[in-house]
Amino acid sequence: MSVARPISVLIIGTGFGGIGVAIELRRHGFTDLTILEKALDLGGVWRENTYPGAACDVPSPLYSYSFEPKPDWPQRYSGQAAIHEYLRGVAGRHELLDRIEFGTEVTEAVFDEKTGRWTVTTADDATHHADVLISAVGQLSRPQYPSIPGVGSFAGESFHSAMWDHEVNLAGKRVACIGTGASAVQYVPQIQPQVEQLTLFQRTAAWVLPKFDTDYSPVQHKLFARIPGMLSVERLGWWLTAEISSLGLVELPIISRLVARMAARNLRKNVDDPELRAKLTPDYPIACKRTLFSSDYFPALTQPNVEVTTAAVTEITPRGVRTADGALHEADVIIYGTGFKGTEFLWPMRISGRGGRELADVWADGAHAYYGMAVPEFPNFFMVYGPNTNLGVGSIIYMIETQSRYIRQAVQLLAGKPGHVLEVRAETERTFNDALQKRLERTPWNFCSSWYRNAAGRITNNWPGTVTSYRRRVRRLEPQDYTLTPAA
């Protein structure tokens with residue numbers, strides 16, 4: 001392990017990104033770390049999303065740090081509680097808990113050109129100073145409510161799926177579920193047997209693949225723990241499956257066609273009613289929106305206490321939900337499964353770089369960064385899981401580890417040049433993003449509206465390739481891509 005360098009690093013966020021980059025820095029001798037977390041516990045989306053059935057749609061052996069394998073995952077696709085416990089355990093084993101300041105929400109970060117340092121202000125008006133600032137707030141941290149007239153007028157209980165109200169008893173209730181995304185396909189089958197009536201308001205049908213989940217047995221746990229490499233083989237198998245599938249986005253469209261056939265077969269197998277099946281049939285290319293995984297979603301929708309309506313929601317009234325056909329669907333509870341503000345990166349934090357330039361202004365037409373990590377005019381500032389690093393297929397943890405290694409190299413470069421600042425060259429970042437956007441034009445994401453695209457139609461979230469191609473490109477920080485200059 002390297003000797004600790006006299007350089008300070010401040011990290012915002014304690015999800016997989018924040019914990020991952022902190023571990024990478026500590027493993028290479030950087031001990032002056034401060035991690036700020038607005039909540040009272042770590043975990044990011046796995047702390048916040050506690051709705052019934054919440055789980056990852058990436059197999060757990062792959063959705064985990066490569067350096068922290070877990071032989072006793074309860075299921076192949078483990079649930080929220082198990083993932084949250086895993087992340088807590090990792091943070092504890094790597095002695096990060098005493099580095100985290102909980103209940104500390106960052107409101108502003110300003111770069112001081114004279115000192116070459118960042119000043120970070122929190123909601124309680126406290127300030128922190130650091131040589132390097134790393135944002136690890138993720139892309140799915142802010143729930144999005146629909147802009148429907150009368151949202152506040154409903155007389156019953158209502159909540160967003162990411163802020164599930166466990167005090168509300170759904171048994172015997174008439175429940176209106178607005179939204180049919182990745183969260184809805186998990187909680188709808190869980191609550192359907194409890195409720196008197198479930199009305200699902202679907203704006204867009206989803207491509208749904210069967211989820212080949214299974215409980216890991218005690219025997220499997222022992223084998224994973226005792227036989228060297230067995231868990232790695234399981235991880236490698238799922239990694240290869242994801243890599244091959246991701247080739248269907250651009251290079252091998254035949255793969256996407258095969259996956260679409262699997263999804264269509266899944267629908268036919270589980271939904272006999274031709275009218276309901278027609279409602280649940282997507283009218284856009286597979287992968288254009290997020291492809292979902294569930295083996296119990298379609299069966300739940302065929303139950304007698306479920307109604308799927310595709311009429312547009314026009315109004316929320318005190319009694320329920322009104323649709324464009326004039327019908328009022330009375331409800332006791334409304335659940336908004338309407339996703340997150342994925343394209344509003346870092347908002348509402350105010351980030352000011354060189355010359356007082358605000359990141360919100362730089363990103364007025366859409367967020368962009370050099371491989372999702374660095375932005376010109378914002379020296380010594382890096383992001384984990386930033387713009388265009390989300391995946392259509394695969395594990396984001398792989399991307400996080402790749403980015404953590406790259407950012408660690410940047411910190412090492414700065415540690416060797418005290419008093420200097422590191423900034424990606426504008427022409428380098430611009431050339432990269434121009435090429436990236438041209439490649440994105442060839443992906444399915446360019447042919448429908450989704451949370452991957454901002455209001456102007458720019459795809460700001462996803463990486464249009466394999467995780468291998470990303471890692472190969474950023475395996476080594478190239479000094480010529482940056483300027484390393486003394487602070488003014």
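Helices here are DSSP runs of H or I with at least four residues, strands are runs of E with at least two, and both are numbered from the N terminus.

Two notes on the source. This is a predicted model, where local features need pLDDT of at least 70, side-chain atom pairs count only at pLDDT 80 or more, and totals for chains, interfaces and linings use all residues. Residues are numbered from 1 along each chain as its sequence is written, and side-chain values use heavy atoms, with hydrogens and water left out.

**Entry: α7, faces.** I listed the buried residues of α7: I255, S256, A260, A263, N266 and L267. Seen down the axis of α7, they fall within an arc of 140°, so they line one face. The arc is taken from the directions from the helix axis to the C-beta atoms. On the other side of α7, I found R261 and K269 exposed. Buried means under 20% relative accessible area, exposed means over 50%, and partly exposed is in between (1.4 Å probe, protein chains only).

A reminder to myself: an α-helix has 3.6 residues a turn, so residues three or four places apart point the same way.

**Entry: α6.** I turned to α6, which has 17 residues and reaches 25 Å from its first C-alpha to its last, close to the 24 Å expected. Its buried residues are L231, E234, R235, A242, E243 and S246. They fall within an arc of 165° seen down the axis of α6, so they too line one face of the helix. M230 lies in α6 (residues 230-246). I noted M230 as partly exposed, at 31% relative accessible area.

**Entry: strands.** Which strand pairs with β14 (residues 313-316)? I found β15 (residues 320-323), antiparallel over three bridges. Pairing requires at least two DSSP bridges between the strands. V313 has T323 in β15 as its bridge partner. A hairpin of three residues joins β14 to β15.

I followed β15 onward. Three bridges join β15 to β16 (residues 328-330), and the two run antiparallel. G320 has E330 in β16 as its bridge partner. Four residues lie between β15 and β16 in their hairpin, and G326 in the turn has a positive phi of about 90°.

Key:
Expected span 1.5 Å × (residues − 1).
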